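This report describes selected features of one protein model. Please consult the sequence and the structure below while reading.

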Amino acid sequence: MRAVIERNYFDAPSIQSVAEKLRLSENTLRQVLDKFHTHYRIKSEIKSGKTRTYHRPSPVLKNIQKRVNKYILNTVPLPSSMHGYVPKRSTLTNAKAHLGKKNIANVDIKSFFPSIHYQRVQRIFRQIGFNEGEASVLTKLTTVDYCVPHGFPTSPGLANLTLINADKRLRGLLGKQTIGHTFYSDDITISGNKSLKRYRRPIKTILRQEGFKIHQKDSSPQKPYFKRQEITGLLVNNKRLNLPREDIRSLEAIIHNCIVKGPFSQIADFEARFGPPRWGTSTVQKFRERVLGKLNYLRTVNIVKYENFRKEFNKIDWSS
């Protein structure tokens, strides 16, 4: 029978010490723990034909989880190979690590967050230095239905920490062969100037032994000139980064049609290409912010296209 973290499991000293660590009142923490199931709501989103469930924390729980990040999770050093949800690292730094490599392969972890069981989260907090009672309190604050959920601010940090041992083992396997690897959450990229085929099976074995399931279709090496090399949504062919051509063309068409037909007419096309907003309803203002966000991202990899598109963006009448 599965063990359950019950309300009466949390002893007063553990609640008090965690509250002190998070710099909030013991009463606030106790109230959230007592009625934890009322402090989040569930939303389902369809993306790329798949349904993903998000857990959106209440303002008070979100504040507590941000404090868990600030005072606990973010204090743990992460290896340089990890780029997802790490300050000063991004999809750009992740892709740049593989520029100029002859061979690139991607391995994708299946159902990454939900595969992280709450007992594993407890072990993480114990390894950081918390006693059993404190670890149980922190686990309760960061998991739902026995696992790490999508939508909690603490989930990406916890997910990164579960990969540290896998990272060490991959370094041991690949490092001496001058083959590099990076993690961007559940997306693992391996690159080098020699064939990667011989490493596919041992890499999968390491990840499975670490408790992760692998998407079988994502492990084939990418060969330059025969197939575009793409890493976390960025092209790395020709030794420079760029957005995929179809994304650039879609953005160009949407901006042009906003000028001609008005921005409201393009919301559906934008969301069909780039997905709906994660939270809230679609509005012209939110659409404007998302288009501007795409432009700012384009600026980091293709300044010429950005400047041309930005001139056109400035012609849009957002009141129409």
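Predicted model: local features only at pLDDT ≥ 70, side-chain atom pairs only at ≥ 80, totals over all residues.

By class, how many nonpolar, polar and charged residues does the lining of the second largest cavity have?

The lining comprises four nonpolar, two polar and three charged residues. The residues concerned are I267, F270, E271, P277, S282, T283, K286, F287 and R290. Two helices, α11 (267–274) and α12 (284–299), each contribute at least two residues to this lining.

The volume of the second largest cavity is about 40 Å³. Over the whole structure, the search finds two cavities of 30 Å³ or more.

## Nonpolar cores

The largest nonpolar core contains 53 residues, and L29, I72 and F125 have the most contacts inside it. With neighbours within four places in sequence set aside, I72 is in contact with K21, L22, R67, F125, I128, F130 and L138. A second, separate core has 27 residues, among them I231, I254, V301 and F313.

H83 lies in the loop between α3 (59–71) and α4 (91–96). Its relative accessible area is 8%, and H83 is therefore classed as buried, the cut-off being under 20%.

The side chain of H83 reaches the backbone nitrogen of N94 at 3.4 Å.

Technical notes: Residues numbered from 1 in each chain as written. Heavy atoms only, no water. Core = buried A, V, L, I, M, F, W, Y, C linked by side-chain atoms within 4.5 Å. Buried < 20%, exposed > 50% of the residue type's maximum accessible area, 1.4 Å probe, protein only. Contact = heavy atoms within 4.5 Å. Helix = DSSP H or I, 4+ residues; strand = E, 2+ residues; numbered from the N terminus. Polar contact = N/O pair within 3.5 Å; in protein donor to acceptor, adjacent residues only side chain to side chain. 1 Å grid on protein atoms, 1.4 Å probe; cavity = no way out; pocket = protein on both sides within 12 Å on 5 of 7 lines; lining within 4 Å. Points joined across faces, edges and corners; volume = space filled by probe spheres on them. Nonpolar A, V, L, I, M, F, W, Y, C, P; charged D, E, K, R; others polar.
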